[in-house]
Amino acid sequence: MTSFKLLLLPGDGIGPEVTAEARRIVDWFTAQGIARFETEEDLVGGSAYDAHGEAVSDATMDTAQAADAVLFGAVGGPKWDGVAYDKRPEAGLLRLRKDLGLFANLRPAICYPALADASSLKRDVVEGLDILIVRELTGGVYFGEPKEITDLGNNQKRAVDTQVYDTYEIERIARVAFELARTRRNAVASAEKRNVMKTGVLWHEVVTRIHDEAYPDVALEHVLADNCAMQLVRRPKQFDVIVTDNLFGDVLSDIAAMLTGSLGMLPSASLGAPDEKTGRRKALYEPVHGSAPDIAGQGKANPIAMIASFAMALRYSFGLGEWADRLEGAIATALDQGLRTGDIMQDGMREISTSDMGAAILKNLQDAD
Ligand code: ATP
Ligand code: MG
């Protein structure tokens with residue numbers, strides 16, 4: 001039986017509540033002998049700051065470096081509003097991303113049939129939707145220099161942000177997108193704005209070359225980012241994988257999120273470069289939602305985003321894609337059974353707690369086995 005090191009970082013707010021439900025499922029996989037998950041749990045964010053004055057400790061970073069995957073809950077909350085900038089809870093997540101070299105952010109937008117009416121769009125536009133946005137996460141306008149505001153006098157200031165992309169950064173994100181497409185419906189749409197941006201020109205050139213050299217079997221389409229946004233709300237099912245830069249990815253993935261309903265449903269993965277020896281990529285999996293301090297500690301949080309994040313880990317880190325499908329199937333079944341947490345509540349459905357939802361999903365997984 002293959003064994004994997006899994007680091008759980010529950011964090012703050014509803015993080016620990018939803019992580020506990022994912023852990024129940026992790027432990028079930030081990031108990032069944034499907035794979036052996038050697039789990040370790042550690043502090044991150046505000047809880048880590050309270051314990052040792054840093055949002056993530058060096059010791060935790062060492063454990064994360066040695067792990068096959070990290071399952072991350074959520075960090076932050078009003079309690080830490082006054083904390084110094086570099087010690088704030090969010091700094092923990094940023095350090096993990098940076099030190100693990102997680103340059104590829106994967107955000108699936110899946111519309112579960114039972115929730116198609118909760119979408120911002122009409123049922124027939126989103127029913128059966130299954131797209132994957134691959135966002136470049138460590139470059140672009142978020143980090144480019146110069147980045148400054150200059151005082152010009154006469155009540156005038158000038159603000160400058162700089163978008164920078166090097167060939168290698170585009171190459172590696174393009175490879176991730178093409179490889180993922182091969183495990184899906186074999187199509188990539190690359191979104192940029194080469195009509196007004198030099199980074200868009202280079203993006204287009206590099207993605208095309210990587211495609212022609214190494215992935216000619218994958219269908220590649222180039223789409224201007226603004227048109228992509230429009231197509232996402234007009235006819236989203238035309239897409240399989242969308243690959244794009246850091247800024248456009250931020251916007252496009254939020255649009256895609258609203259196609260599927262609640263924040264409590266959305267998983268994500270962040271991947272690094274493949275290891276030279278094993279080929280395995282460093283990876284961190286986390287729900288898209290934050291720590292939701294307004295509902296923390298009340299058993300109201302929806303654990304589905306967190307459980308679906310573990311499903312992504314099964315697929316992308318542990319080579320257990322079939323089990324990922326089954327776990328997602330167990331989530332869909334719970335929704336079909338009319339089970340709802342408060343955030344996805346609909347008329348005629350039954351509101352249940354975080355742990356009841358976790359238990360129902362596990363039961364569906366067992367029953368389908
Ligand atoms: P952050 O700055 O950490 O991203 P945010 O301001 O985006 O936080 P979130 O904590 O992500 O806010 O969530 C916004 C609101 O959505 C929460 O206050 C909560 O009411 C609701 N929410 C988020 N996640 C969930 C969940 N898993 N289950 C139920 N409700 C949720
Ligand atoms: Mg947020």
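User: Hey, how is the chain divided into domains here?

Analyst: Domain 1 takes 1–106 + 273–369, and domain 2 takes 130–259; the bounds come from an automatic or database domain assignment. This is a predicted model, where local features need pLDDT of at least 70, side-chain atom pairs count only at pLDDT 80 or more, and totals for chains, interfaces and linings use all residues. Residues are numbered from 1 along each chain as its sequence is written, while chains are lettered from A and ligands numbered from 1 in the order in which they are written.

User: How many residues are in contact between domain 1 and domain 2?

Analyst: Eight from domain 1 and eleven from domain 2, with contact meaning C-beta atoms, placed from the backbone, within 7 Å. Strand β4 (residues 104–110) gives the most to the domain 1 side, three residues. Strands and helices here are DSSP runs numbered from the N terminus (helices H or I, at least four residues; strands E, at least two).

User: And by class, what's on that side of domain 1?

Analyst: Six nonpolar, one polar and one charged. Ala, Val, Leu, Ile, Met, Phe, Trp, Tyr, Cys and Pro count as nonpolar, Asp, Glu, Lys and Arg as charged, and the others, Gly among them, as polar.

User: Switching to the sheet: what's the strand order?

Analyst: It's an open sheet of ten strands, β2-β1-β3-β12-β11-β4-β5-β10-β8-β9, with mixed pairing. Two strands pair if DSSP finds at least two bridges between them. At the edges sit β2 (36–41) and β9 (219–224), each pairing on one side only.

User: In what sense do β8 and β9 pair?

Analyst: Parallel, over six bridges, with β8 running through residues 187–192. Ala 191 is opposite Val 223 in β9. Helix α8 (residues 225–234) packs on the sheet, touching β8, β9 and β10 (241–244), and its direction makes about 105° with that of β9. Axes are lines fitted to C-alpha atoms, for helices over the stretch in contact, and angles run from 0 to 180 degrees between N-to-C directions.

User: Which residues does UniProt list as "binding site"?

Analyst: The unreviewed entry puts that feature at Asp 226, Asp 250 and Asp 254. They are spread over 29 residues of sequence but cluster in space, the largest C-alpha distance being 13.8 Å. Asp 226 lies in helix α8. UniProt positions use the numbering used here, feature names are shortened, and annotations may be inferred rather than shown by experiment.

User: Last one: which residues are closest to ligand 1?

Analyst: Gly 264, His 289, Gly 290, Asn 302 and Asp 343, out of 15 that surround ligand 1; a residue is near if its C-beta atom, placed from the backbone, lies within 6 Å. By class, that shell has six nonpolar, seven polar and two charged residues.

Note on methods:
Two residues are in contact if their C-beta atoms, placed from the backbone, lie within 7 Å.
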